[in-house]
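Dear colleague,

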Amino acid sequence: MTMVGARKIDTLRAARDVLADEGFRLFFPLAALHAALWPLAWVVAFGFSLPLAHAIPPGLWHAHEMIIGTFGAALIGFITTAIPEWTDTERLRGRILLVLAGLWGVARLIGLFGVEALGVVGALADLLWLGALVLYVAKISLEKRSTRLAGFLFWITCLLISEAVTRYAFLDIDARMALATQATHLSGFIFVGILGIALARITVPVTNLVLDPTEQTSPFRPHPGRMNLAPGLVAVLVMADAAGLSPPTTGYLLIAAGAAFMDRVAEAFIGRECARAEILVLAGASTFAGLGLMLVGAARLGLLPISELPGLHLALMGGLGLGVLAVLSIAGLRHTGQALVFVRRTRIAMLLLVAAMLLRVAPEIWPTAMMPAPPYALVAVLWAGAFLLWLRVYWPFIRDPATFQHDGC
């Protein structure tokens with residue numbers, strides 16, 4: 001082996017060791033890359049089709065990949081980073097993180113091209129990493145004899161079940177199209193529930209840090225009834241939808257869950273500091289999630305002459321997408337020892353995401369002569385730009401071993 005080759009191997013090993021030191025270092029960049037490149041390829045390179053997809057509609061593949069792929073990677077990074085901090089336990093690192101990344105990555109490569117012949121392989125890969133997260137959260141809860149993680153355990157278990165049903169339906173899509181669509185939508189609602197409990201955990205320390213950067217006081221104390229109302233109502237919605245209750249019934253539950261998210265927005269009114277981007281992004285995630293759920297509910301009740309798609313995109317692209325970008329940004333700063341202040345490029349990334357979501361949703365709600373349909377290519381470019389710009393800002397912190405062993409938020 002040449003000296004140059006040996007140096008390259010050493011460099012790769014050093015990078016691997018840094019990225020595998022903590023969950024967010026590995027999975028947040030993977031989430032950003034997947035969010036940016038997969039939909040861009042689907043829209044621009046493949047023209048809304050997938051090269052090796054035949055029976056499964058490409059649109060269904062796309063929805064599945066965004067939910068389980070992009071949001072799934074963010075979930076792995078969040079859970080493996082936040083839970084050790086909350087429970088004062090040893091964090092996962094090294095080989096176990098690389099194995100989780102490998103399982104997630106195998107399924108994503110299959111989903112990128114819609115390789116239906118390898119559908120079972122992709123299914124096993126996704127179910128394995130989801131099952132591993134369930135076991136991890138359960139193990140920590142039992143060791144600590146605590147119920148603090150019960151909400152996350154419930155939601156990740158629900159996600160595991162919905163993914164199993166989705167993959168089962170994919171095996172015979174001609175006979176199970178309705179089941180595949182319902183299970184995919186349920187996975188999206190489940191992630192909105194996860195967003196609800198994540199925001200409940202994140203908003204309090206972030207708001208207190210904004211109000212008192214010295215961390216000597218805790219001036220912000222949320223109303224206890226607001227903490228779990230939104231995810232609780234989403235849980236009722238998920239169970240009702242899974243049970244096959246009527247569209248009007250689930251429509252009212254969607255509106256109720258959306259209203260609970262809108263109620264969470266009130267927590268952002270903390271005085272003049274409410275104009276800080278670090279507060280606005282969390283309020284924005286709740287706002288879009290709430291409006292999206294209510295829009296889906298209104299469509300199911302026949303109150304609006306539109307389909308459920310714009311509401312789903314508003315909740316998932318806007319609410320969940322902005323929430324994921326907020327988590328990536330906040331945790332990326334706090335866990336690398338940076339001050340909790342979003343730089344201009346981070347704020348621009350968030351604006352790009354909101355612009356992409358509005359361009360995707362607005363023409364389906366209110367089509368005009370200028371924009372009778374969503375400009376899909378522009379939407380994909382703006383969405384990709386948001387996550388790539390985030391990666392450009394945060395990659396130097398994430399890959400730097402000098403940022404190890406910093407307290408989180």
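**Two helices side by side**

The helices α13 and α14 are roughly antiparallel to each other, because their axes cross at roughly 160° and an angle over 145 degrees counts as such. This is a predicted model, and in it α13 covers residues 344-365 while α14 covers residues 376-398, with the two axes coming within 8 Å. The crossing of this pair, α13 and α14, is left-handed, and the residues of the contact between them comprise 18 nonpolar, two polar and four charged ones.

Helix α6, made up of the 21 residues 150-170, reaches 30 Å from its first C-alpha to its last, which is close to the 30 Å expected at 1.5 Å a residue. Which residues of α6 are buried? They are Phe 152, Trp 155, Ile 156, Cys 158, Leu 159, Ser 162, Glu 163, Thr 166, Arg 167, Ala 169 and Phe 170.

**Two loop residues with positive phi**

In the loop between α5 (119-144) and α6 sits Arg 145, which is not a glycine and yet has a positive phi of about 50°; Arg 145 is exposed, its relative accessible area being 80%. Phe 48, placed in the loop between α2 (23-45) and α3 (58-87), likewise is a residue other than glycine with a positive phi, near 65°, and Phe 48 is partly exposed, at a relative accessible area of 36%.

Terms used
Residues numbered from 1 in each chain as written. Predicted model: local features only at pLDDT ≥ 70, side-chain atom pairs only at ≥ 80, totals over all residues. Heavy atoms only, no water. Axes fitted to C-alpha atoms, helices over the stretch in contact; angles between N-to-C directions. Helix = DSSP H or I, 4+ residues; strand = E, 2+ residues; numbered from the N terminus. Parallel < 35°, antiparallel > 145°, perpendicular 65-115°, else oblique. Left-handed = near helix turned anticlockwise from the far one by under 90°. Nonpolar A, V, L, I, M, F, W, Y, C, P; charged D, E, K, R; others polar. Expected span 1.5 Å × (residues − 1). Buried < 20%, exposed > 50% of the residue type's maximum accessible area, 1.4 Å probe, protein only.
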